[in-house]
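Morning, everyone. One structure today, two ligands. Please have a look at it, and then I'll walk you through.

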Amino acid sequence: MAERILITGGAGFIGSNFIRKFIGRPDIEIVNIDALTYAGNLGNLSDIEHQTNYHFVKGSIGDEALVRKTIGDYEINGIINFAAESHVDRSILNSKPFIDTNVAGTLTLLDAAREFNINRFLQVSTDEVYGSLGADGLFTEETPVSPNSPYSASKASADHLVQAYHETYGLPTVITRCSNNYGPFQFPEKLIPLMILNALEDKDLPVYGDGLNVRDWIHVEDHCEAIYLIFAQGRDGDVYNIGGNAERTNIEIVKLLLSILGKPESLIKFVKDRPGHDRRYAIDSAKIETTLRWNRRIAFEEGIRQTVDWYLASPQWCDSVRSGGYMDYYTLQYGASE
Ligand code: NAD
Ligand code: TYD
């Protein structure tokens, strides 16, 4: 029987990479519901949108009637919830949309999943719910949730709701907590694409604080493979950490990008630190590696070079994102009726 999966937020960075990776499989039908916020770009999917096993619905995961209609009409049997407000700095400026989408939107999906007896509900969460590490140690699935930013607090709240729906109603849920992703189609508000695009235009590269905060970087394709594996084989009610095994300080990343691009380090500009800036994230991925035999395929240095090459080879995508022109795509493609 074909798997009919509702992907939420599929026009964003990770969701679009996930759809591209799995839409080629004839046993999978994908319905992508996306509100097309500033982070949603249908141009990310222009190469696969004609496929007969792909369908797009424009709307919010918080729209109860639309969510129920979509699940019913397409006879959805699994949900993967990527949709979110995802940028920490934006959550510091205004946290309300993070609560609306990440918390209330997830709750709407959970209620619909219950009503329609969905076989599997996968919540795409983040390692940021664990808070910040000191110089030593790794986040395991047992690490207490202790978020520090409005973004991570909203993701942690959603995780608690997902867990509660499993415990209370027996909903077959799984939660994934992944480290920082990089790769093609990432919106240039996040560290790596922002630095690439700024360097290409010889603009300053703003590094927060002392540049020594550490993130664990994973290629988006490795994350997507892990998500599908957990969706298909994860144990109901469980949490799975996913890491890249590639801890780097921010300044190391910025210098590496400059050297790949052949640009001078004089472009680096240390700026005021992010308030509440988590010092270090690092993931213990032993559970998914041993129980589901997942392994990352893309080594960091190779992945980062491929990513730079992708941005260099995609000037149209970069221009439309810079100019905001990508937001016209929906009207061009689907007409002005919505
Ligand atoms: P993104 O910001 O690139 O994309 C988010 C997508 O969700 C966009 O297409 C946007 O239009 C859509 N969206 C926003 N609000 C919506 C709503 N109310 N209804 C429907 N769609 C809505 O984010 P991303 O980087 O692709 O992250 C995807 C998921 O992965 C998020 O849940 C995020 O918390 C999680 N995550 C991200 C990272 C990372 O490094 N980017 C790491 C771990 C986990
Ligand atoms: P980001 O890509 O926003 O991911 P997150 O905050 O979710 O980890 O930032 C990654 C790291 O890079 C984080 O420590 C903040 C830092 N950073 C900068 O130094 N300058 C920037 O302009 C941005 C966007 C991030």
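**Ligands and sheets**

Start with ligand 1: one of its oxygen atoms sits 3.0 Å from a polar backbone atom of Phe-82. That is a polar contact, meaning a pair of N or O atoms within 3.5 Å; within protein, one must be able to donate a hydrogen and the other to accept it, and residues adjacent in sequence count only if both atoms are side-chain atoms. On its own, ligand 1 exposes 830 Å², and the protein buries 96% of that. Those areas are Shrake-Rupley values with a 1.4 Å probe; for residues, only the protein chains shown count as cover.

Ground rules before I go on. This is a predicted model: local features need pLDDT of at least 70, side-chain atom pairs count only at pLDDT 80 or more, and totals for chains, interfaces and linings use all residues. Residues are numbered from 1 along each chain as its sequence is written, chains are lettered from A and ligands numbered from 1 in the order written, and side-chain values use heavy atoms, with hydrogens and water left out.

Back to ligand 1. Phe-13 makes a backbone contact too: its N or O atom lies 3.0 Å from an oxygen atom of the ligand.

Which residues come nearest to ligand 1? Ile-14, Asp-34, Ser-86, Tyr-151 and Lys-155, out of 28 around it. "Around" means that a heavy atom of the residue lies within 4 Å. The shell divides into 13 nonpolar, 13 polar and two charged residues. For the classes: Ala, Val, Leu, Ile, Met, Phe, Trp, Tyr, Cys and Pro are nonpolar; Asp, Glu, Lys and Arg are charged; the others, Gly among them, are polar.

Where does that shell come from? Helix H1 (13–22), strand E5 (120–126), helix H5 (150–169) and strand E7 each supply at least two residues. E5 gives the largest share, three residues. Helices (H or I, at least four residues) and strands (E, at least two) are DSSP runs, numbered from the N terminus.

**Ligand 2**

Here 18 residues surround the ligand. The closest are Glu-128, Pro-206, Arg-215, Arg-274 and His-277. A backbone N or O atom of Pro-206 is 2.8 Å from a ligand nitrogen. Arg-274 places a polar side-chain atom 2.5 Å from a ligand oxygen. Asn-250 also uses its side chain, with an N or O atom 2.9 Å from an oxygen of ligand 2.

The shell holds eight nonpolar, five polar and five charged residues. Helix H6 (191–200) and strand E8 (205–208) each contribute at least two.

Now the sheets. In general, strands of a sheet pair through backbone hydrogen bonds, either parallel or antiparallel. Two strands count as paired if DSSP finds at least two bridges between them.

The seven-stranded sheet is open, with parallel pairing and the order E3-E2-E1-E4-E5-E6-E10. Its edges are E3 (54–58) and E10 (238–242), each pairing on one side only. The twist averages 20° from one strand to the next. Axes are lines fitted to C-alpha atoms, for helices over the stretch in contact, and angles run from 0 to 180 degrees between N-to-C directions.

At one end, E6 (173–178) and E10 pair in parallel over five bridges. Cys-178 has Ile-242 in E10 as its bridge partner. Helix H2 (64–73) packs on this sheet, touching E1, E2, E3 and E4, at about 170° to E2. Contact there means heavy atoms within 4.5 Å.

**The three-stranded sheet**

This one is also open, but the pairing is mixed, in the order E7-E9-E11. E7 (180–182) and E11 (247–249) are the edge strands. Here the twist averages 50°.

E7 and E9 (214–219) run parallel over three bridges. Tyr-182 has His-219 in E9 as its bridge partner. Helix H7 (220–233) touches E7 and E9, its direction about 75° from that of E9. Helix H8 (250–261) lies across E9 and E11, at about 85° to E11.

Most residues other than glycine have a negative phi. Leu-36 has a positive one, near 50°, in the loop between E2 and E3. Asn-117 also has phi near 50°, in the loop between helix H4 (96–115) and E5.
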